[in-house]
Amino acid sequence: MCNTVQLSNLERNSYVREQIETATMHLLAERELREISVSQVTEAAGVSRVSFYRNYEDKEDVVKTYIGRLILGWHKENADRFVAAKAETGKDDVMFESLFGFLKDHVDLFTLLEKRGMFYLFKDAFLGIYGPKPEYPNGVAYVSAFAFHGICGWIEEWVRRGMRESGREMVALLAQMGSLG
């Protein structure tokens, strides 16, 4: 266990969140979220209930935050490459191939979410990051909603069907259906 006395408040809070998220995901692999108590999470994480509620509204919020952190990490790691590829080709192929690769890299997580009937948490996190924003003009918001809900549908069905296709194959299918521009 980490010696939290030597950590700054920011580092300590980051450590606590990581412990809670890890504990929750381990427990979720064993049983349904509704069967897991906050006390079980905090005990497994080695943190207090106060720490839990300081960082999360509920157990679903833990899972959604975990997914969001993974997605943001993937995007930050690849953003420059996505922009360059889009500028060169005018298409989002590189981003979508990378997205499907990222999802495959986390196949256990996404199949677990599907198995537990919690895939909506991925969609919530994904759309919260990339979906329409209140400040968008109406037309842009509608197009954004259409595109992101569509890709979420593709992803959900792909997960449901066992994620058999590669990222490149999924991009080819999207292009074949006229879904990529």
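**Rings and charges**

Modeller: F100 and W158 are both buried. Buried means under 20% relative accessible area, exposed means over 50%, and partly exposed lies in between (1.4 Å probe, protein chains only). The model is predicted, so local features need pLDDT of at least 70 and side-chain atom pairs count only at pLDDT 80 or more, while totals for chains, interfaces and linings use all residues. Residues are numbered from 1 along each chain as its sequence is written, and side-chain values use heavy atoms, with hydrogens and water left out.

Now the rings. The whole structure holds twelve aromatic pairs. One of them is F100 with W158: the centres are 5.0 Å apart and the planes stand at 90 degrees, so this pair is edge-to-face. F100 sits in helix α5 (residues 93–105) and W158 in helix α8 (residues 138–160), so the pair ties together parts 58 residues apart in sequence. Rings of Phe, Tyr and Trp (its six-membered ring) pair if their centres lie within 6.5 Å; planes under 30 degrees apart are stacked, over 60 edge-to-face, the rest tilted. Helices (H or I, at least four residues) are DSSP runs, numbered from the N terminus.

Next, Y130 and F148. Their ring centres are 6.3 Å apart and their planes meet at 15 degrees, so the pair is stacked. Y130 is in helix α7 (residues 119–130) and F148 in helix α8, 18 residues apart. Y130 counts as buried, at 15% relative accessibility. F148 is partly exposed, at 22%.

Now the charges. There are eleven salt bridges in the structure, each a side-chain nitrogen of Lys or Arg within 4 Å of a carboxyl oxygen of Asp or Glu. One of them joins E21 to R69, with the closest N and O atoms 2.6 Å apart. E21 is in helix α1 (residues 9–30) and R69 in helix α4, 48 residues apart. E21 is buried, at 2% relative accessible area, whereas R69 is partly exposed, at 43%.

E32 bridges to R116, with the closest N and O atoms 3.4 Å apart. E32 lies in the loop between α1 and α2 (38–45), R116 in the loop between α6 and α7, 84 residues apart. Both E32 and R116 are buried.

D92 pairs with K86, the closest N and O atoms being 3.3 Å apart. D92 is partly exposed, at 26%, and K86 is partly exposed too, at 35%. Elsewhere, salt bridges with shared partners join E114, K123, E156, E157, R160 and R161 into one network.

Terms used. Helix = DSSP H or I, 4+ residues; strand = E, 2+ residues; numbered from the N terminus.
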